[in-house]
Amino acid sequence: MNVGWTQVALAGIWGGLVAVERKAFLQAMFSRPLVAATVMGVLLNDVPSGLFIGMLLELFHLGTANLGASLPDNDTLSATGTSAAAATMAAATGAGSTPALWSISILLFVGLGRVGQVVDRGLERYSSRLARKALASAEAGQLTRAMQQNLWGMWPHFVLFGMITAACALAGFFLGPQLERLPLPALRGLAWAYPAMASVAASIAARGSHARRAALYAGLGAGAVTLAVVVYLYLLREGV
């Protein structure tokens, strides 16, 4: 088995960058699951995996936000880790990106959102201490020192989340060969699991909107997503 270390490094760098963008710099929505996962797919030469995983996780996490001391699941880490693992699994198998592979990746790595939440809590305490020190330095007229302390507050996000994302990409290379041992019926079931998960994610997104007819919108959204994915799978199978 050949491990693509360049892909692992790219995954780690992008995972670290969007982690910083999510919490401390720019905050231009690059860290949203759809964008973060799609760009990961571009970097790892597997756009379909990034796009379709990002779409599902975007719907699943739609509406989450930091509210005071309440920290939601880290949707960015969930997206980058899952899409990185899917892309490297596809590269390891040589069979290309498939809905079955997306389902496996989501089932195995979607829990990274909770892992990221725990890491976020730990880093919040560290960042708060540095922020207080930077404020004290600024009040004392030490602006350069204050700027350095603020920058140091960003580095742990880049390093920790980058390492986790790189580990997911590396895991994909080891998991890929194992997928080839799965029986064909299991792979077919996993392929159809993707539109099922997408429909659930669409329902969650519509239900979380708190619209007056949220239940109706949830049903329509789930049906539309399911129909779109079924049509895509049919076209993919027919080679269109």
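In the predicted model, Gln7, Ala11, Trp14, Gly15, Val18 and Arg22 of helix α1 are in contact with Asp75, Thr76, Thr80, Ala84 and Ala91 of helix α4. Classified by residue type, this contact between α1 and α4 comprises five nonpolar, four polar and two charged residues. The two helices, α1 and α4, pack at an angle of about 165 degrees, and their axes are 10 Å apart; because angles over 145 degrees count as roughly antiparallel, α1 and α4 are described as roughly antiparallel to each other. The handedness of the crossing of α1 and α4 is right-handed.

Helix α4 also packs with helix α2, which spans residues 33-43, at an angle of about 25 degrees and with the axes 8 Å apart. Since this angle falls under 35 degrees, α2 and α4 are therefore roughly parallel to each other. The crossing in which α2 passes α4 is right-handed. On the α2 side the contact is made by Pro33, Ala36, Ala37 and Met40, and on the α4 side by Asp75, Ala79, Thr80, Ser83 and Ala84. By class, six nonpolar residues, two polar residues and one charged residue make up the contact of α2 with α4.

At least two lining residues are supplied by each of α1 (5-23), α4 (75-93) and α7 (143-179), and the contribution of α1, five residues, is the greatest.

Turning to open space, the largest pocket has a volume of about 610 Å³. Its lining comprises 20 residues, of which Thr98, Pro99, Ala100, Leu187 and Ala191 lie nearest the centre of the pocket. Helices α5 (99-109), α8 (184-207) and α9 (214-238) each supply at least two residues of this lining, and the lining as a whole contains 14 nonpolar, three polar and three charged residues.

Conventions: Residues numbered from 1 in each chain as written. Predicted model: local features only at pLDDT ≥ 70, side-chain atom pairs only at ≥ 80, totals over all residues. Heavy atoms only, no water. Helix = DSSP H or I, 4+ residues; strand = E, 2+ residues; numbered from the N terminus. Axes fitted to C-alpha atoms, helices over the stretch in contact; angles between N-to-C directions. Parallel < 35°, antiparallel > 145°, perpendicular 65-115°, else oblique. Left-handed = near helix turned anticlockwise from the far one by under 90°. Contact = heavy atoms within 4.5 Å. Nonpolar A, V, L, I, M, F, W, Y, C, P; charged D, E, K, R; others polar. 1 Å grid on protein atoms, 1.4 Å probe; cavity = no way out; pocket = protein on both sides within 12 Å on 5 of 7 lines; lining within 4 Å. Points joined across faces, edges and corners; volume = space filled by probe spheres on them.
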